[in-house]
Amino acid sequence: MTSRSDVVATLAAGTFAGAQLMIGVSFGAQWSQMTGSELAAGFSADWINIATTIIPFALLQTIVIPVSLYWAWGHESARRLWTLALASWLINCAITAGYHFPIVWTAMQGGYSPATITGVVDTWVLVHWVRIVLGYLTFHLALQATIRGRANN
């Protein structure tokens, strides 16, 4: 059971981190080339597709990282790594909920004018890079915890 939850948590964290990188690089480049009017229409439209791809992996790691932490509780080094992975993931979630999601939601409601949305999205993408780093940190910690957990079995 331990190794299965560890592998699922690690794969979910890695997939999520890759999806975050894709958003930052691909969509970030696309959005930076759009006019304010194009961005006002396109930014929120892109989010339906992005959300359906990335949210399942976010939910999966929200469930499986704590499960892996629970199963690793008796192994100090793996437990420490899973605790750090969970902390990194929760910080990522807090930034998403507190900053990124409200901007996306406001854009979906038409809350930004073409004159203001360019600056809002530029800042959104810049702050998104913090989430990308946290995503890869979570993945790295999960991978290390999985390796340590297997070494203890």
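At 7% relative accessibility, Thr10 counts as buried, where buried means under 20% relative accessible area, exposed over 50% and partly exposed in between, using a 1.4 Å probe and protein chains only. That residue sits in helix H1, in a protein with 4 helices and 0 strands. This is a predicted model, so local features need pLDDT of at least 70 and side-chain atom pairs count only at pLDDT 80 or more, while totals for chains, interfaces and linings use all residues. Residues are numbered from 1 along each chain as its sequence is written, and side-chain values use heavy atoms, with hydrogens and water left out.

**Overall build**

- Read along the sequence, the pattern is α-α-α-α; helices (H or I, at least four residues) and strands (E, at least two) are DSSP runs, numbered from the N terminus.
- The C-alpha trace spans about 60 × 20 × 20 Å along its principal axes.
- Of the 153 residues, 40% count as buried.
- Take the contacts between residues at least 6 apart in sequence: 81% of them join residues at least 24 apart, with contact meaning heavy atoms within 4.5 Å.

- Leaving aside neighbours within four places in sequence, Thr10 is in contact with Trp82, Phe139, Ala142, Leu143 and Thr146.

**Helix H2**

- H2 covers 36–71, and at 1.5 Å a residue its 36 residues should span 52 Å; the end C-alpha atoms are 49 Å apart, which agrees. The expected span here is 1.5 Å times one less than the number of residues.
- There is a bend of about 40° in H2 at Ile50, the bend being the angle between axes fitted to the seven residues ending there and the seven starting there.
- Once neighbours within four places in sequence are set aside, Ser44 is in contact with Ala107 and Met108.

**Helix H3**

- H3 runs over 76–108, and its 33 residues should span 48 Å at 1.5 Å a residue; the end C-alpha atoms are 45 Å apart, which agrees.
- H3 bends by about 40° as well, at Thr96.
- Just after H3, Gly110 takes a positive phi of about 75°.

- Leu81 lies in H3 and counts as buried at 6% relative accessibility.
- Not counting residues up to four places away in sequence, Leu81 touches Leu141, Gln144, Ala145 and Arg148.
- Leu81 and Gly149 are 68 residues apart along the chain, and their C-alpha atoms are separated by 9.8 Å.
- Arg79 is also found in H3, but at 25% relative accessibility it counts as partly exposed.
- Arg79 touches Leu69, Ala72 and Trp73, again not counting residues up to four places away in sequence.
- From Arg79 to Arg131 it is 52 residues in sequence and 23 Å in space, C-alpha to C-alpha.

**Val127 in helix H4**

- Val127 has its place in H4, and at 25% relative accessibility it counts as partly exposed.
- With neighbours within four places in sequence left aside, Val127 is in contact with Ile95, Tyr99 and His100.
- Val127 and Leu11 are 116 residues apart in sequence and 24 Å apart in space, C-alpha to C-alpha.

**The largest pocket**

- The largest pocket has a volume of about 460 Å³; grid points are joined across faces, edges and corners, and a volume is the space filled by probe spheres set on the points.
- On a 1 Å grid over the protein atoms alone, a cavity is a set of points where a 1.4 Å probe fits but cannot get out, and a pocket is an open set with protein on both sides within 12 Å along at least five of seven lines; lining residues have an atom within 4 Å of a point.
- Its lining has 22 residues, of which Ile54, Ile55, Thr96, Phe101 and Arg131 lie nearest the centre of the largest pocket.
- The elements giving two or more residues to that lining are H1 (2–32), H2 (36–71), H3 (76–108) and H4 (114–152).
- By class, the lining has 16 nonpolar, 5 polar and 1 charged residues; Ala, Val, Leu, Ile, Met, Phe, Trp, Tyr, Cys and Pro count as nonpolar, Asp, Glu, Lys and Arg as charged, and the others, Gly among them, as polar.
- Thr96, where H3 bends, is one of the residues nearest the pocket's centre.
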